[in-house]
Amino acid sequence: MSFFEDPIKFLAGLLQDLLVSLNLHPIAITVINNIVGALIVSSVGLVIVIFLIWLERKLAARFQDRFGPNRAGPFGILQSFGDLSKLVLKEDVVPDAADKIPYNIAPILSIAAVVLVWAVVPFSVEWIGTDLNVGVLYIAAVGSFGILSVLMAGWASNNKYALLGAFRAVAQLISYEVPLIFALLIPVLLARSMGVNQIVGAQDIWYIFVVPVAFGIFFIASLAEIGRTPFDLLEAESEIVAGYHTEYSGMKFGMFMAGEFLHSLTLAVVTAALFLGGWRGPYVEQLPLLGPLYLFLKAGFVYFLIVWIRSSLPRIRIDHMLDITWKFLTPLSVVLLMAIALTDALLKEFGQINNTALYVGAMIAVNVVIALLALFAASRLNSRQRRQIKTFEPRPLAVPPKPAAPAAASTSEEASA
Amino acid sequence: MTPIQYFFLFTAGFTLLAALGVVTRRNVVHSALLLVVALFGVAVTFAILEAGFWAVFQVLVYIGAIAILMIFMVMLTRRNVADETYPEPFNDNMRLAFLAALLVFGGLALTIGGWDAARETMTVPLDYDALREFGRAMVSPDGYLVPFILVSVLLLAALVGAIYVAVLGNKSQEERE
Amino acid sequence: MIPLSWYLIFSALLFSIGLFGVLARKNAIAILMGVELMLNAVNINLVAFWRYIVPATTEGWMFVASVFVVAAAEVAVGLALVYSIYRGRRTSSADEIDLLKW
């Protein structure tokens, strides 16, 4: 086996030979192999995030007709290293009244929750950290550590803005987890497996073209999960300073930042794997090295969409944020899941499950009908709500004091007596 | 002793220490955070038992929903946000409760010690796709369709009841006053 | 390999700790936490029995699923009750909720 055919396998073989030649215990060899694998998988994301910050700043600047960072290195690519060294050298301020242990664990947990997802991301045909048979459930489960870290940070800071930010964050993240998981179930249903690699393997036609509405729900819900504009209420600087990380400084703040950027990329990669065909592309079976390239191209497209939305839309109001998930996305995702399961079962009943054209056509038809119905219902409800809002008379800003005011007060006193 | 045995003892040890912390800490928020640690230890135990599905499910349901809800409620029900003094955590029955727990553990330990089947070690390798079979059994009338629907109805009833008690019940109470 | 009795002793200890928490704690939410520990001990037992005694069946899994659902329902209703009482009486200590006690 040569290096270029499958470099990861080649290097793993080298490592295996080295460990065997050292005459180690077989269990020790397994443990060392697994630790090296975990280090490689987790450092992929952590290295990418450094360049991601630069990329995001550059893109946001372009959307706002600015240049962005352009001093350090070519195109300002070294800007992130400067930021990083500043954060490391900064004094680490811990509030006196902070709850020390949760305060220090929260940033670690926030980044760990994101890095854990990379364990089940398939990079190429056989390159996957661990091919868990419940991979999709695992992605949903480790996300809950992120919520926990936000709650811990907000509580332990002992600051009212931090606590308010944490409460908002929990309300938002838990609410949006419901449509997110329902949307995740749709690729599981189509691929008949919860393993991420099997879902990628089943996508002869990308699922975005089979169930576009599920992709839409998943995308909106994941925007809320990563707390990006228009759902960045958890750190709305005009209302609650900086939300749950108000009291953090130095590298602990940096870890929250890195966790947030990495979370965006991670969800983009998960979206690419579940809906955009993951590593699939021309010639990937012959040359596994192309797999990560295709995966990151697709993830990059999703990430670009996230940055685009971030720099175009304003923040939405908190009651609207909750209305969107509970009154629109959740019912829509439940109805969609049931409709797709029904369509799938009907096609199976009539023996048309292998008729790809009919299958895809039926799925798209179901999706379009449900999307149109949902949008129609939402606009009807919305316009009815708008009609109920009472219009109020415009009035002058300064009103002269009424001379009859004391008399009115005395009459009301008499009335009460 | 094999490495997996050491690993099990380590997991059991930190789970039990965290559980002791849950029932003895003065600060209820710390109790709730330690509860997360204990629940995670139980998830690791499921993974050692080759029930990966339940390990992931434990994290999703217990840590992702139940523990977070509990932390949230502890924070909501403090008398005062700035209250830094914590009341005595135990009630007057503390000694009796300790005795009861000790007796229950003694009884269980005696039962386990007198049972021969408890000494056996795992010999059969698991080459059975329990998750797939479980999924089939949940929706087949010969399997557990009726229990599955029953627990679903129970959950629905609990959710409706919880919303009524927490939100609507209070509203009507305020209107009466 | 690990003998079955280790799991049983572990879960018995966890159950007893949870029981102590339920009987001895003042705070109503801490009592609910004790109940959670007890339910988890039951789950460890169920999964261990499934793996050691009847590994090629799914009965054990159905019991575990039921315990999960019951735990979720119990927490939802329990916390709603605690919150409702807290709104009316400004306390979450089980000792002070004694309106029905003579």
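Predicted model: local features only at pLDDT ≥ 70, side-chain atom pairs only at ≥ 80, totals over all residues.
1. How many residues of domain 1 of chain A are in contact with domain 2 of chain A? The count is 20 on the domain 1 side, and they meet 21 residues of domain 2 of chain A. Three helices of chain A, namely α1 (7–21), α2 (26–63) and α3 (79–89), each put at least two residues into the domain 1 side of this contact. If you want one helix to look at, pick α2(A): it gives the most to that side, with 14 residues.

2. What sort of residues are these? On the side of domain 1 of chain A that touches domain 2 of chain A, 14 are nonpolar, four are polar and two are charged.

3. Now for the contact between chains A and B. Chain A brings 17 residues to this contact and chain B brings 18 residues. On the chain A side, α5 (135–156) and α6 (160–191) each supply at least two residues. Which helix gives the most to the side of chain A that touches chain B? That would be α5(A), with 10 residues.

4. The class make-up of that surface is also worth a glance while you have the structure open. The side of chain A that touches chain B has 14 nonpolar residues, along with two polar and one charged.

5. Chain C next. Its secondary structure is quick to describe: chain C has three helices and zero strands, and from the N terminus on its elements run α-α-α.

6. On overall dimensions, the C-alpha atoms of chain C fill a box of roughly 50 × 25 × 20 Å along the principal axes. The radius of gyration of chain C is 17 Å, whereas a compact globule of 102 residues would have one near 13 Å.

7. How much of chain C is buried? The figure is 59% of its 102 residues.

8. Last, the contacts inside chain C. Taking those between residues at least 6 apart in sequence, 49% join residues at least 24 apart.

Methods
Residues numbered from 1 in each chain as written. Chains lettered and ligands numbered in written order. Contact = placed C-beta atoms within 7 Å. Helix = DSSP H or I, 4+ residues; strand = E, 2+ residues; numbered from the N terminus. Nonpolar A, V, L, I, M, F, W, Y, C, P; charged D, E, K, R; others polar. Rg over C-alpha atoms; globule rule 2.2 N^0.38 Å. Buried ≥ 20, exposed ≤ 12 C-beta atoms within 10 Å, placed from the backbone.
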